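Okay, thanks for having me.

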Protein chains: 2
Amino acid sequence: MTNENKNIERAEILTIGSEILLGELVDTNTAWISTNLAKLGVGIYRHTTVGDNKERVVAAMKDAASRADLVITTGGLGPTSDDITNECLAILADLPMVEYAEARAHVDEMFRRFGRTPTPSNYSQALFPEGTKLIPNPLGTAPGALLDVDGTLFATLPGVPAEMKGMFEETLAPLIKERTDGSIISRTLWFAGIGESAIAERVQDFLDASDPTVAPLAGAGKVRLRITTRAATPEEAEKKIAPVAEEILDRLGEYHFGVDDETLESAVARILTEQKATVALAESCTGGLLAKRLTDLPGSSAYFREGLVTYSDEAKERLLGVPTEMVEEHGAVSEPVAKKMADGVRRLAGADYGLSVTGVAGPDGGTEEKFVGLVWVGISDGNGVEGKRLDLSAWAKSRSSIRERSANAAFDILRQKLDGSKEF
Amino acid sequence: MTNENKNIERAEILTIGSEILLGELVDTNTAWISTNLAKLGVGIYRHTTVGDNKERVVAAMKDAASRADLVITTGGLGPTSDDITNECLAILADLPMVEYAEARAHVDEMFRRFGRTPTPSNYSQALFPEGTKLIPNPLGTAPGALLDVDGTLFATLPGVPAEMKGMFEETLAPLIKERTDGSIISRTLWFAGIGESAIAERVQDFLDASDPTVAPLAGAGKVRLRITTRAATPEEAEKKIAPVAEEILDRLGEYHFGVDDETLESAVARILTEQKATVALAESCTGGLLAKRLTDLPGSSAYFREGLVTYSDEAKERLLGVPTEMVEEHGAVSEPVAKKMADGVRRLAGADYGLSVTGVAGPDGGTEEKFVGLVWVGISDGNGVEGKRLDLSAWAKSRSSIRERSANAAFDILRQKLDGSKEF
């Protein structure tokens, strides 16, 4: 049914769901899809969100089709009566809804795996406009639909991010790639330990240039520079991007921790793996956030030994050997305690590195001396132990910002140590 | 200029900015505005996002005006040539742009405070369609515009969330309040341990009803039902919502864990605080996620003692007393190990409850017997210890889904234990 010859130049994204429309959920899918469409060289014209209302969904589909070659919808593929996306697509295309045997079998198979029995409503997920191609959904019960309607290709994806992403990457992206001319290719350089304006000052000439473009974006103690160009082949793009990236790194290399999808924790993981080194964590105010982030990564058991979330002073003493007198004299949020925690957990775990965080994450519990946002990071490598003070009081109103920024700073301190960019 | 007599019933939100359209930034403003409009009793029809392109912005404004009484825009109020929102509004309304002396003075005042000198482009922020009322912006240089265009009220707000929120709350919300009848009030009931379709079957009569409406939403092992009504006063709304909530809880009470903003961890935290009880955690595959989520909450030190992320078998033995032979015989992902971990950490920390998770989060490392998605949760309370098996193999391709759902299940198991809904 799809017009295999027509190039895809313009796309729109249509989000379907009253929970998004009413603001109960923030829509992160649309940004993800946009980024990935842009990488494929597809121009994005509009994002639209409508609620679970047939008339309005059909109207929005029609509007989008009048402008775009490709319309990707998310949401409204579930088993309840609110889930109307495919039905609306059938109305738009003036096609009957028919049951797809393979989709029905998929519902059965997924329920068998959960050890549950499908209800009649679950089988509504096997109904599609006649002639639809299915987009397989290995993570959920609802496949998506792929249907050409008067020259506009519609792809319906579920709202659950993991399902949507898998389906986009496995089925949609390869299909779009075949129908675009060249691609927009970009490389993202990541920096920490330096602010956005300080970076901008050093690379203003690139920010003012037009091909490649270089755009900064900052958040949570990290800054990224995105270098973008359009080219027929990846090799051609590389020729334009590489010299710019090289010159930027010449100027800012000491703050650089990764490219593209790399995070501070994945940079740390990469270097630890290369060096066959291990790390152990002792956390107080971050409460497991560092351990969580390090173990988000597959294969983390190679370099991550253990993490202790020692929230109470008693646990700091019993597990890490932080003496009661030290806490009494300096407070739990202090350089000596951070250092003792880092060294204690390194010894306990028999790891190469020990990393610790202790601070006041707030919103309550701050005093003049130990204010909300005061954080100490400790790092130990067997040759020495060091403490670094962070003042995150500018984010005193946000416990999550303080925790996030503390974790970023701690990972960056470990990265610099591993990189050899800083010696004890 | 504004039609003071016309009620505001339908609103649309228009986001203007290429960085949102291209997915470089996630738009959180729209959800925030939607929630706040819904509270004011205004129905929301559509969200639209367009890039920094005059023709497309004007077209989107026109589309929105054809459907809505109120159109709120965010973005495009800055000093650069990309910032075109007010100019587009002037084109739509066919009005000249004129300089507002008070806005020019505000630019001067803000720059004086920063200790900087405005450039000519900064004064572009003092230009508005003739006849506009200004929306003061105490936090930034750009005021917003308030203009009636053929019966649709346009309000332009900046994209910076803090500025946008302040302007909405201080100027826009009071104005909207005067032009609406009553408010939309809703209550959300949260459930775990039961699927969306099973819930829908038991309360289908409410899902089909129109006042209050009841809408389901599912994700990551939790389901919520949102009960919504429109009423002149909160008391009147309560009279309509309370009997529906009561009847739903009569049918589904055993799966119910919280209302409105409550999460599984905040439900656990609330009950632990009420019971003056404490918990300690031993995590393997979740790698600190449970500790992180429990300590996301302010005041968590009252009930959270410590969390051990024992990733290696050696750490399980040394810290928690899980014998090597047990791991060798049953594997690290097994009922005896989960139970030993839960009991071990409870004893070690001197806590009332011990909660443990051990599983195969993948994507690699699965075998036929210990497949990716096999998870054991252990719970110990001093009277006994119990293990519960989870089969999350349906999410085998998503490490983060397995970890998220494992944490949700573990918190729900603890909640049921605390609630007394389940005895050992």
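Buried here means 20 or more other C-beta atoms within 10 Å of the residue's own; exposed means 12 or fewer, partly exposed is in between, and the C-beta atoms are placed from the backbone. Helices (H or I, at least four residues) and strands (E, at least two) are DSSP runs, numbered from the N terminus.

Quick housekeeping: this is a predicted model, where local features need pLDDT of at least 70, side-chain atom pairs count only at pLDDT 80 or more, and totals for chains, interfaces and linings use all residues. Residues are numbered from 1 along each chain as its sequence is written, and chains are lettered from A and ligands numbered from 1 in the order in which they are written.

Which way do the side chains go? In a regular strand they alternate between the two faces of the sheet. Here V279(A), L281(A) and E283(A) point one way, A280(A) and A282(A) point the other way, and all are buried.

Now the neighbours; two strands count as paired if DSSP finds at least two bridges between them. Strand 13 runs parallel to strand 14 of chain A, residues 304–310, over four bridges, and L281(A) has G307(A) as its bridge partner there. Strand 15 of chain A, residues 353–359, is also parallel to strand 13, with five bridges, and E283(A) partners V357(A).

**Across to chain B**

Strand 14 of chain A also pairs with strand 14 of chain B, antiparallel this time, over five bridges. T310(A) stands opposite E306(B).

How many residues does each chain put into the contact? It's 59 from chain B and 62 from chain A, counting residues whose C-beta atoms, placed from the backbone, lie within 7 Å. On the chain B side, strand 14 of chain B gives the largest share, seven residues.

Most residues other than glycine have a negative phi, and most peptide bonds are trans. In chain A, the bond joining G362(A) and P363(A) is cis, with omega about 5 degrees, and P363(A) sits in the loop between strand 15 and strand 16. Chain B has a cis bond from G362(B) to P363(B), omega near 5 degrees.

Then there's D150(A), with a positive phi near 50 degrees, in the loop between strand 7 and strand 8 of chain A. Buried or exposed, is D150(A)? Exposed, because it has 10 C-beta neighbours inside 10 Å.

Definitions and conventions
Two residues are in contact if their C-beta atoms, placed from the backbone, lie within 7 Å.
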